[in-house]
Amino acid sequence: MNRWYGSLPAPEIATQLTERSVLCLPIGSYEQHGPHLPLHTDTVIATQFTNRLIDRYGNQHDLWALPALPYGLSMEHSWALGTVSLRIGALATLLNAIVGEFARATPARRLLIVNGHGGNRGVLEAVGYELQATHQVRVCIIHPSSLSTAHATSTPPEIHAGVKETSIMLTLAPNDVHLNRLPETFAADPAHRDETQRLIRDRGTTWPWSSGDDRIASLGIIGGDPRLASAELGEAIITSALDASDQVLQHL
């Protein structure tokens, strides 16, 4: 990929970037993902999806990759060692500062935020309005996992570190997946389904849920047994999200 913003010499900003250039900002998180996936799972997903997006559409839509923002809002996982979470104000301030600097330093006036962590979604939707109004840039946020039309089949809903997310990591970063670290006695609990629906998926109510809550999670996993994951499913999820991204980029 030859569209790394950071690889450009300073004088080429004026010749390579225009008002229609799209700056692509991956944002992830550092948080527990069970015993089998790494803390930086969501950052890997956001970064690698951005890379694939630019490999496929970079010339067509004039896309440029920015360095990933590795931290997000992960308070639902703060019970676990290793989780690092920003607070809402800190993330909003950081995004405003970053976008403001790129608006000052470049002619680009289009921003695509590629979000790899579900917990970032709410604040990104709100901050997007502020970024657009304050810095006069067109803003779009995509959530690759939600954009995909490929789905994992499991009894518990796929929320975190289950079949779906593990499959994506088997595609994007297989060396970071360690299924052998799951205890032999581990099993996805079908009883989690109703509480997961009530606490997380019900669009009519919002609860501050936790992946440490044994009513919805086992070993910090909310979803199907990760040992049922496959790189083939992960590739289908990523590919279908990339297919859907073309229309998003056309609108942007």
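Guide: Before we start, a cavity here is a set of grid points where a 1.4 Å probe fits but cannot get out. Also keep in mind that this is a predicted model.

Visitor: How many cavities of 30 Å³ or more does the structure hold, and how much space lies in the largest cavity?
Guide: Counting cavities of 30 Å³ or more gives 1. As for the space in the largest cavity, it comes to about 80 Å³.

Visitor: Which element gives the largest share of the lining of the largest cavity?
Guide: The lining includes L23, L25, I98, V99, F102, A103, R110 and L111. Strand 1 (22–27), helix 3 and strand 3 (110–115) each give two or more residues. The largest share, 4 residues, comes from helix 3.

Visitor: At what angle do helix 3 and helix 4 pack?
Guide: Helix 3 covers residues 88–105 and helix 4 covers 121–135, with axes 10 Å apart. V99 and A103 of helix 3 are among the residues making this contact, and both also line the largest cavity. The crossing is right-handed, and the angle is about 35 degrees.

Visitor: How many charged residues are in the contact of helix 2 with helix 8?
Guide: The axes of helix 2 (residues 41–61) and helix 8 (residues 231–251) come within 10 Å. R52 and R56 in helix 2 are part of this contact, and so are E235, D243 and D246 in helix 8. Next to 7 nonpolar and 5 polar residues, the charged ones number 5.

Terms used:
Residues numbered from 1 in each chain as written. Predicted model: local features only at pLDDT ≥ 70, side-chain atom pairs only at ≥ 80, totals over all residues. Heavy atoms only, no water. Axes fitted to C-alpha atoms, helices over the stretch in contact; angles between N-to-C directions. Left-handed = near helix turned anticlockwise from the far one by under 90°. Contact = heavy atoms within 4.5 Å. Nonpolar A, V, L, I, M, F, W, Y, C, P; charged D, E, K, R; others polar. 1 Å grid on protein atoms, 1.4 Å probe; cavity = no way out; pocket = protein on both sides within 12 Å on 5 of 7 lines; lining within 4 Å. Points joined across faces, edges and corners; volume = space filled by probe spheres on them.
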